[in-house]
Amino acid sequence: MDQLKILFDALIVPPNERCGLVWEESAQPETVVEMAEQMFPALKPVPSLDIEGLEDSPVHYIIEGDNYHTLSALTITHAQRVDVIYIDPPYNTGNPHLTYHDNRKDKSSASRHSKWLNFMYHRLRLAQELLTDDGVLLISIDDREMAHLKLLCDGLFGSDNFIGNFVWINRTTPNDAANKFATDHEYILVYARDRKNFQLKGVPKNFSKYVNRDNDSNGPWMPDNPSAASGTEKDRFPIKNPHTGEVYYPPDGRYWAFAKRRVKEWEKSGKLVFPQEKGKRFVLKKYLSELKSARNPASSIVNNALTSHGTKELKQLFGSGSPIKYPKPSVLLKYILGLLDKQNGIFLDFFAGSGTTGQAILELNQEDGGTRQCILCNNNESDLCRNVLHPRLQKISEGYSVEAPRKETLYERKLTVNTLKKVSAYLQEITALSEQYRNSYDEVKQSLKDNVLRLEGVRKKPVTVAGMQASFKYFQTQFIPPQDTRIRQACAHLLCLREQTFEPINITLHYQAYRNQQQVTVICFEPPSAWKSLEAVLPKDASLVIYVFREEDYALTKDHFPEATVQYVPDKIKRLFTS
């Protein structure tokens, strides 16, 4: 169908009028893509790396392996079930030492971006299958590939489903670029699966200015601007002060923000307050109770979440230098993901890196009582998954001790002649950060030395960080040939992951049964012959979900277990046993 669409577009659109993204497809596809087409993409449990948390907490997943492989498996278990996907893919910087080699360039290619685009296209195409109807995709990127990524996503998701582009201010001190151009930002692209079903919940409004100064029966209020920038001449009527006789008009070029008929009504109700002395303006009250929403739209500019904060987080967790360069700070992802009304959703990160997304999800759940579940996927190049991502989440879940340094720089900005006029804004930033970190340090100090404005947090004793008691199941990717004897167990593992039932009850040739606290999942390979022994092991205190493979087994199973939820296995599994 993709090839037909390309041909159709080429036939009806004149070449000189076409607009879009064209890249050279690789003559040699990735090995993992070919293997996923030929074999079954399984996920093998690794119980020794599970992280045990509270029994009633959400069960999160860590999946070690190539993310195309992982996504292929998740299309079996989580098709149209993932609410949010956030990824921080390689930026195609030319660095060959990063996980998912960050060097997808080839000078011999017709386009130097082609390999990177192929790499991203295959993964985003699978990711699209996972999103719910109101799901959303967020992608971190920088200037190198932002334009190409935007066009790629427009093609996959539709340009109408582009929500916006966050500009993340990731540093406060300029880098030493040879051309004296300091790049202090990166981007986060936002695409909805279907724009009609998506909306950010916004940021809480500041109500501190609403005060009931005069015991008004309508409650807290603040002075409001009575004039508006738009209107007509009929909105420039005179307003007479009943106490002094003074007449008011809106400023030149502006109009009253209310109709003439409201003046007497609001004077009587107290919403309009006229002064007793000449030369003073009247007050228009804006009541807190009149607000239509408690939230404002989220700004596209994201401040106060620097890359250096992410580096400090990893230094604290691992007790030395950060194990990876340029990790995203958890405060950035907490802010972005917290804008989504998905407190009980499934969150996927298939470029999980050091596990920042996992930490952000755990902290959000702790703060607002949500039950978000995260699925974190990463390969184990340079032992990143086992030696960084897993230990980080284990420490956060179980608790850890920080041998705190004497000082930590929380904010730093070099002042120049050109930036002096912005000093008041910088001081406001420092004041906000001082309040934010006030309870995290024994002392927060501001300083100005060598033209550098700095905010430092001082710790005078070690800090013990309590664990969040989160639960993680660890899996490893593996490909299994369709005729392999391990195929039944591999299918059972995927269905258990889908249902979050991991404790085995009984495993036989004909069926396999697993449970959690609330549910039992049964995979019936040959239902009629298995019913008698199955009934003997089923607990009475849990709901029952039964998976069957054949149409003739569905009705028989439903009749025999009328209170159970009976459903077919996903098509990719069904084809293995019915072809």
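I count a disulfide as a pair of cysteine sulfur atoms within 2.5 Å. By this rule I get zero disulfides.

**Ground rules**

I am working on a predicted model, where local features need pLDDT of at least 70, side-chain atom pairs count only at pLDDT 80 or more, and totals for chains, interfaces and linings use all residues. I number residues from 1 along each chain as its sequence is written, and my side-chain values use heavy atoms, with hydrogens and water left out.

**Cysteines**

Are C374 and C385 buried or exposed? I call a residue buried under 20% relative accessible area, exposed over 50% and partly exposed in between, using a 1.4 Å probe and protein chains only. C374 has a relative accessible area of 0%, so it is buried. C385 also counts as buried, at 0% relative accessibility.

**The whole chain**

I noted 15 helices and 29 strands in the protein chain. Both are DSSP runs numbered from the N terminus: helices are H or I with at least four residues, strands are E with at least two. The C-alpha trace spans about 95 × 70 × 60 Å along its principal axes. Of the 579 residues, 44% are buried.

For contacts I use heavy atoms within 4.5 Å. Among contacts in the protein chain with a separation of 6 or more, 71% come from residues 24 or more positions apart.

Two packed helices are described by the angle between their axes and the distance between the axes. My axes are lines fitted to C-alpha atoms, for helices over the stretch in contact, and the angles run from 0 to 180 degrees between N-to-C directions.

I logged the crossing of α13 and α14 as right-handed. The convention is that the near helix is turned clockwise from the far one for right-handed, and anticlockwise by less than a right angle for left-handed.

Which residues meet here? P527, P528, W531 and E535 in α13 meet D553, L556, T557 and H560 in α14. By class, I find four nonpolar, two polar and two charged residues in this contact. Nonpolar covers Ala, Val, Leu, Ile, Met, Phe, Trp, Tyr, Cys and Pro; charged covers Asp, Glu, Lys and Arg; the others, Gly among them, are polar.

**Helices α4 and α5**

Next I looked at α4 (residues 114-130) and α5 (residues 146-157), whose axes come within 11 Å and cross at roughly 35 degrees. This crossing is right-handed. On the α4 side I found W116, L117, M120, Y121, L124, R125 and Q128, which meet H148, L149, L152, C153, L156 and F157 in α5. The contact of α4 with α5 divides into 10 nonpolar residues, two polar and one charged.

**L43 in strand β1**

I found L43 in β1 (residues 40-45). With a relative accessible area of 1%, L43 is buried. How far apart in space are L43 and H493? They are 7.0 Å apart, C-alpha to C-alpha, and 450 residues apart in sequence. Leaving out residues up to four places away in sequence, L43 touches I63, A73, F475, Q476, T477, H493, L494 and L497.

L384 sits in α10 (residues 384-398) and is buried at 8% relative accessible area. G355 is 29 residues from L384 in sequence, and their C-alpha atoms are 9.8 Å apart.

In the loop between β18 (373-378) and α10 I found S382. S382 is not a glycine, yet its phi is positive, about 60 degrees. S382 counts as exposed, at 66% relative accessibility.

D450 is in the loop between β21 (443-449) and β22 (452-458). D450 is not a glycine either, and has a positive phi of about 55 degrees. Its relative accessible area of 64% makes D450 exposed.
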